[in-house]
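Q: Hi! Could you walk me through this protein while I have it open on my screen?

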Amino acid sequence: GNDGVIKAVGYGEATIRLRRVADGGYTEVFPEADYGEVPEYAEIHVKVIDSILINYSSATIYIGGTLNMKATTTNSNIVTWETSDPKIASVDEFVVVTGVKEGNAIITAVQMVAGVRKTASCVVTVRQGVTGVTLDPAEKEIALGDNLTINAKVEPSLNGVSLRWVSSNNEVIEISVSGDL
């Protein structure tokens, strides 16, 4: 094929040169064609610079929830952090991302290396979380062997919220219906 794959194995600079072989096979394939001046080679200059990685490529947090981000670099250059939409997710000087309102934001770590802007990004999805659960009844006395239905109301009303009933003492109160609601 005509594609070449290179791999960075160390820091520095190198020139990659593609040489044509003899007449490149041109005269054998199209002996009557006039190719004129065909260059003997083509080249590209490649500079291998430091890289930057972050601990998440995507994450989901809730409004008011936080996520600690961390960058790993191969040098000691300063890393700065950016958010694509501070109204959805903010990032502070301690690299703590906070969910502000529902939506998606891209958190990006930025490092300048040899005049090149190196970045690594994380897509953060912010969701509305449960702010409260009300139980009805909130308190009740029942006789041994009796059943009690307890209704749970989640605030705000959200789709896809799972609740799990758990007893602090299974020898006193047993969950008789599946713990999942």
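**Salt bridges and sheets**

Q: How many salt bridges does a search of the whole structure find?
A: Two salt bridges turn up in the whole structure; the term means a side-chain nitrogen of Lys or Arg within 4 Å of a carboxyl oxygen of Asp or Glu. This is a predicted model, where local features need pLDDT of at least 70 and side-chain atom pairs count only at pLDDT 80 or more, while totals for chains, interfaces and linings use all residues. Residues are numbered from 1 along each chain as its sequence is written, and side-chain values use heavy atoms, leaving out hydrogens and water.

Q: Which residue forms a salt bridge with R117?
A: That's E82, and the closest N and O atoms of the two are 3.1 Å apart. The pair links distant parts of the chain, with R117 in strand β11 (residues 116-127) and E82 in strand β7 (residues 79-83), 35 residues apart. Strands (E, at least two residues) and helices (H or I, at least four) are DSSP runs, numbered from the N terminus.

Q: And why does R117 count as partly exposed?
A: Because its relative accessibility is 46%. The cut-offs are under 20% relative accessible area for buried, over 50% for exposed and partly exposed in between, using a 1.4 Å probe and protein chains only. E82 also counts as partly exposed, because its relative accessibility is 33%.

Q: What about K153, which residue is its partner?
A: K153 forms a salt bridge with E155, and their closest N and O atoms are 3.4 Å apart. E155 is partly exposed, at 33% relative accessibility.

Q: Switching topic: how many helices and strands are in the protein?
A: There is one helix, along with 13 strands. Along the sequence, the pattern reads β-α-β-β-β-β-β-β-β-β-β-β-β-β.

Q: In which order do the strands of the sheet with β11 come?
A: The order is β4-β11-β10-β7, an open sheet of four strands with mixed pairing. Two strands pair if DSSP finds at least two bridges between them. At the edges are β4 (58-62) and β7, each pairing on one side only. Neighbouring strands here are turned by 30 degrees against each other on average, direction ignored; the axes are lines fitted to C-alpha atoms, for helices over the stretch in contact, and angles run from 0 to 180 degrees between N-to-C directions.

Q: How many bridges hold β7 and β10?
A: Five bridges, with β7 and strand β10 (residues 103-113) pairing in the antiparallel sense. W81 stands opposite A109 in β10.

Q: And which strands form the three-strand sheet?
A: Those are β5, β9 and β8, in the order β5-β9-β8, forming an open sheet with antiparallel pairing. Its edge strands are β5 (66-68) and β8 (89-91).

Q: Where does V95 sit?
A: V95 is in the hairpin of β8 and β9, which has four residues between the strands, and takes a positive phi near 65 degrees.

Q: Last one: what share of the protein is buried?
A: Buried residues make up 18% of the 181 residues. The accessible surface comes to about 13,800 Å², with 51% of that belonging to carbon and sulfur atoms; such areas come from the Shrake-Rupley method with a 1.4 Å probe, and for residues only the protein chains shown count as cover.
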